[in-house]
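Please keep the sequence and the structure in view while reading.

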Amino acid sequence: MSDTEHVTVERTDGVARITLDRPETHNALDAEAAAELQAAVESVADDPAVRCIVLAGIEGAFCTGADLSGMDGTREDARRLRRIATRLHAAVGHLAGVRKPVVAGVNGVAAGGGLGLALCADIVVASDDARFEFAYPRIGLSGDGGSTYFLPRLVGLRKAKEIALLDEPIAADEAVGMGLATEAVASDSFEDRLAALATDLADGPTKAYGATKRLLAESYGRRLPAQMAAESDAITRLAATEDYAAGLAAFGEDEEATFEGR
């Protein structure tokens, strides 16, 4: 495990768990914590031994975005917010583009920049007492953390406007129903489910996962012929991997494949 003051990183059997640790602020981010988050994300994203990344928060909260406790209503606030947003956006950008699965474990409130941090994950597991909030209108701000990018892509433009403008808390079950979260689980089984899911993904065909993520993300900017050409290129490259050879051999024997991420 590697620890900084506000973020911990634990690597176990191909899974890297990044945990925000500012319980006194519901895991809100000041500039220092945002910088630590960025460094942690970049570290695990570039680590070939890491085959799945988990994002979590400590003590009943995921992340409530920027820490407003140091704000005083002066022009300095704009500079403070930009420093936080710049580091948070670097972390979100890495997570959205990394060639390995990313799982967010939302065990409480995910609001403001924390909402974008949750939504950039590939899989979002929410405890039954979690809630999702846009949160910006109540302090007269617009969204950051990628929230205005991910929301319309996940729920559609009309619903995204409703979430952002009406700014009503969204419970875990409702979040699953509209596509903000993948599944909701009871709080007493949340950690077990999060760990099991991360382990399953870490044991999977990492290169295939990465190629699939990239194809899905880039499909928005392509017409169908270009997308199918990209699919042909990707599947051809994957056919030369060790994971494909292992998967094909196991398929022929009607067995479960053992993938190494190569």
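In this predicted model, K207, A208, A211, L215 and E218 in helix α8 meet Q227, A230, E231, A234 and L238 in helix α9. Sorted by class, this contact of α8 with α9 has six nonpolar, one polar and three charged residues. The axes of α8, which covers residues 206-218, and of α9, which covers residues 224-238, come within 11 Å and cross at roughly 170°. Because angles over 145 degrees count as roughly antiparallel, α8 and α9 are described as roughly antiparallel to each other.

The structure also holds 17 salt bridges, and the table lists some of them.

| Pair | N to O distance |
|---|---|
| D67 and R22 | 3.2 Å |
| K213 and D122 | 2.9 Å |
| R222 and E218 | 2.6 Å |

K213 belongs to helix α8 and D122 to the loop between α3 and β8, so their pairing ties together parts that are 91 residues apart in sequence. Here K213 is buried, with a relative accessible area of 16%, whereas D122 is partly exposed, at 33%.

In the pair of R222 and E218, R222 counts as partly exposed at 28% relative accessibility, and E218 is likewise partly exposed, with a relative accessible area of 29%. Elsewhere, salt bridges that share partners join R131, E133, R138 and D167 into one network.

Key:
Residues are numbered from 1 along each chain as its sequence is written. This is a predicted model: local features need pLDDT of at least 70, side-chain atom pairs count only at pLDDT 80 or more; totals for chains, interfaces and linings use all residues. Side-chain values use heavy atoms; hydrogens and water are left out. Axes are lines fitted to C-alpha atoms, for helices over the stretch in contact, and angles run from 0 to 180 degrees between N-to-C directions. Helices (H or I, at least four residues) and strands (E, at least two) are DSSP runs, numbered from the N terminus. Angles under 35 degrees count as roughly parallel, over 145 as roughly antiparallel, 65 to 115 as roughly perpendicular and the rest as oblique. Contact means heavy atoms within 4.5 Å. Ala, Val, Leu, Ile, Met, Phe, Trp, Tyr, Cys and Pro count as nonpolar, Asp, Glu, Lys and Arg as charged, and the others, Gly among them, as polar. A salt bridge is a side-chain nitrogen of Lys or Arg within 4 Å of a carboxyl oxygen of Asp or Glu. Buried means under 20% relative accessible area, exposed over 50%, partly exposed in between (1.4 Å probe, protein chains only).
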